Amino acid sequence: MSKAIANPDLPQPPSGKYPAKAHVKRVARWIAENGGPKSGVIYLEGQSTKMTEDDDQANHFRQRRHFYYVSGCDLPDCYFAYDIASERSTLWIPPVDPEYVMWAGMPLLPKEAVARYDIDEVYTTDELKDGGASIANLISKQQTIVMTIKDRADLAVFHVDKLKQHQPEIDFEWARKAVEACRVVKDEHEIAMIRHANIVSSYAHEQILASVKRAKNERELNAVFVMHCHANGCREQAYGCICASGTNASTLHYVHNDMPLKGRLNLLIDAGCEYNCYCSDITRTFPLTEDGKFTKESQETYDLVLLMQGECMKMIKAGVQWEDVHYKAHVVAAEGLRSLGILQKELSTDEILKSKVTTRFFPHGLGHYLGMDTHDVGGNANYEDEDEMFRYLRVRGTLPANSVVTNEPGIYFRRFPFEQELKDGLWDGVVDQEVLARYWSVGGVRIEDDIWVKEDGCENLTTVKSDVQYIEAMVSGSA
């Protein structure tokens, strides 16, 4: 396995404060422009420290994304308020606790938080409920509309009895709707974060390709990826790695990652790290054969998926209907599967698409928004869609400029429930079962890149290559 040493040649991560003030102003403006209140207080609570059951250790901390978007604060047990009228933001952070200091050292102090975060005022949480820095005092100074994302039960922190004299109107929808809408369109700083996460993840994928010949098990390659991400400044993973060899790759969200590689044709690895709460999401598929070459059926499948991705890439730009791009992937899949003889060659493309058989080979959506979450907000998915071609599409409607979307077509040979459907005669006259039988061992092929949508086209933020020549050269060691 390759050693996890930080690569000094990788570009440096973006610098400067996270633009929290600009984000919360956008949120307030979106609320006002869409029929919501034009003044008041936007209040959010960060993720609290949670202890592991039957243990004295805290659970892994993951900041609430809506909270991070408006505050830029990555600490637990914090609170945030924004006075719309004065355009001033306030952050409350935990106070100094002598017992905590004994175990974990000094926490961040308010003056240090002001220097670190894009916030106007910082206080400690013991000032949240009482005194001049309390939320009650903030509300008393102007109109008393509080927009929060938390459940009503969590308003205990407001000391509701003290707020009764102000008669605050509390809303639970506007802030959530606004943040989710605003998060779709990224600013320069956010694009830079996603780009850096892609750079580090792409490098880690390259190290996997270079390690294949020495690996014996899926978990070893999984470890290589995490190791190189961590060594290069990205400790957090955007999601659980999918490291699927052979027929395991036909399971879309394969989770075991512990099977031996011997005797399997290919490996599909879907993995991405996170940088300062911003995600990458990359998938590569490569051969596990002794000579580092794809078998005939594997390369035919790989070439088809690469063509699907390339044809869709040509369409991606601001204003494009995502359903049209997704449908294009199915058109290319239909024509490719027919050309390979898996689908009956006398069928027209329209007949194939009307039968919905391509959903058995390409069952998921072409892509999803990417940002602070891997499957980011704002996609308006419709999982109740009666048309199974679009049911699992996580983005519906037109793509705005400066959104980031994944382009991840795939072709999978899933025995269940496809084999039973074939036995039941559901695909008679559509699928050539004799030809299909040669492809079961391929498992599945997916190729996924992260795409920055622009007015006149798009930019691929993923830097690890995907052409067959490169993949085979890396795996065989001849690159």
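## A hairpin to start with

Strands 2 and 3 make a hairpin with 4 residues between them, and E87 in that turn has a positive phi of about 55 degrees. Strands here, like helices, are DSSP runs (E, at least two residues, for strands; H or I, at least four, for helices), numbered from the N terminus. This is a predicted model, in which local features need pLDDT of at least 70 and side-chain atom pairs count only at pLDDT 80 or more, while totals for chains, interfaces and linings use all residues. Residues are numbered from 1 along each chain as its sequence is written, and side-chain values use heavy atoms, with hydrogens and water left out.

## Strand 3 and its two partners

Strand 2 (residues 79-83) pairs with strand 3 in the antiparallel sense over 5 bridges; pairing takes at least two DSSP bridges between the strands. F80 has L91 of strand 3 as its bridge partner. Strand 3 is also joined to strand 4 (residues 121-124), this time in parallel, by 4 bridges, and there L91 stands opposite V122.

Strand 3 (residues 88-93) is largely enclosed by the rest of the structure, because 5 of its 6 residues are buried. Buried means under 20% relative accessible area, exposed over 50%, and partly exposed in between (1.4 Å probe, protein chains only).

## Nonpolar cores

The largest nonpolar core has 125 residues, and I42, F286 and F361 touch the most other members. Such a core is a set of buried Ala, Val, Leu, Ile, Met, Phe, Trp, Tyr and Cys residues joined through side-chain atoms within 4.5 Å. A second, separate core of 11 residues includes Y79, A81, W92 and A133.

Setting aside residues up to four places away in sequence, I42 touches V27, A28, I31, F80, A81, Y82, I84, M147 and A175. Contact means heavy atoms within 4.5 Å.

Another sheet is open, with 3 antiparallel strands in the order 12-15-16. Its edges are strand 12 (404-407) and strand 16 (457-460), each pairing on one side only. Strand 15 (residues 449-454) runs antiparallel to strand 16 across 4 bridges, with W452 opposite E459.

## T359

T359 sits in helix 13 (residues 358-361) and is buried, at 6% relative accessible area. The T359 side chain reaches the backbone oxygen of K356 at 2.6 Å. Beyond its neighbours within four places in sequence, T359 is in contact with H330, E388, M389 and R414.

Key: A polar contact is a pair of N or O atoms within 3.5 Å; within protein, one must be able to donate a hydrogen and the other to accept it, and residues adjacent in sequence count only if both atoms are side-chain atoms.
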